[in-house]
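Try each task with the structure open, then follow the solution step by step.

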Amino acid sequence: MEEQAKKLYRSRSDRRIGGVCGGLAAYFNIDPTLIRLLFILGLLFVGGTLVAYLILMIVIPEEPAL
């Protein structure tokens, strides 16, 4: 029996803007609120997470419809 590879998708169900944080949370099996908080903190203190979010929104495909 082969193990199915995990794939990264933007979430269709757990999204606020583009589904990137929900998709990352599902991929890493952590709470999406934590990912969103890290993006906001990165935006406030580091900068550049907005650009990273936009790039991820373009690059990561949307989750296939069921």
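**Exercise 1. Start from the pair E62 and R15, and find which residues join in a network of salt bridges.**

Step 1. E62 forms a salt bridge with R15, and their closest N and O atoms are 3.0 Å apart. E62 sits in the segment after α3 and R15 in the segment before α1, so this pair ties together parts 47 residues apart in sequence. A salt bridge here is a side-chain nitrogen of Lys or Arg within 4 Å of a carboxyl oxygen of Asp or Glu. Helices are DSSP runs (H or I, at least four residues), numbered from the N terminus.

A word on the model: it is predicted, so local features need pLDDT of at least 70 and side-chain atom pairs count only at pLDDT 80 or more, while totals for chains, interfaces and linings use all residues. Residues are numbered from 1 along each chain as its sequence is written, and side-chain values use heavy atoms, with hydrogens and water left out.

Step 2. Look for another partner of E62: the side chain of R12 meets that of E62 in a salt bridge (3.4 Å, N to O). R12 lies in the segment before α1 (20–28) and E62 in the segment after α3 (49–59), so the pair links parts that are 50 residues apart in sequence.

Step 3. Check accessibility, where buried means under 20% relative accessible area, exposed over 50%, and partly exposed in between (1.4 Å probe, protein chains only). R12 is partly exposed at 41%, E62 at 29% and R15 at 28%.

**Exercise 2. Which residue forms a salt bridge with D14, and is that partner buried or exposed?**

Step 1. The side chains of R36 and D14 meet in a salt bridge (3.1 Å, N to O). R36 lies in helix α2 (residues 32–45) and D14 in the segment before α1, so parts 22 residues apart in sequence are tied together.

Step 2. R36 is buried, with a relative accessible area of 17%, whereas D14 is partly exposed at 22%.

Step 3. Finish the tally: the count comes to three salt bridges.

**Exercise 3. Which residues make up the largest nonpolar core?**

Step 1. Apply the rule: a nonpolar core is a set of buried Ala, Val, Leu, Ile, Met, Phe, Trp, Tyr and Cys residues joined through side-chain atoms within 4.5 Å.

Step 2. The largest such core has seven residues: V20, C21, L24, A25, I35, F39 and Y53. Its largest share, four residues, comes from α1.

Step 3. Turn to α1, where V20, C21, G22, G23, L24 and A25 are buried. The buried residues of α1 pack against α2 and α3.

Step 4. Zoom in on C21: leaving aside neighbours within four places in sequence, C21 is in contact (heavy atoms within 4.5 Å) with P32, I35, R36, F39 and Y53.

**Exercise 4. Which helix gives the nonpolar patch its largest share?**

Step 1. Patches are made of residues with over 30% relative accessible area and no salt bridge; like charges are joined within 9 Å, and nonpolar side chains (Val, Leu, Ile, Met, Phe, Trp, Tyr) within 5 Å.

Step 2. The patch on the surface includes F28, L37, L41 and V46. Together its members have about 1000 Å² of accessible area (Shrake-Rupley method, 1.4 Å probe; for residues, only the protein chains shown count as cover).

Step 3. Helix α2 supplies the largest share, seven residues. L37 lies in this helix and is partly exposed, with a relative accessible area of 45%.

How values were computed: Helices (H or I, at least four residues) and strands (E, at least two) are DSSP runs, numbered from the N terminus.
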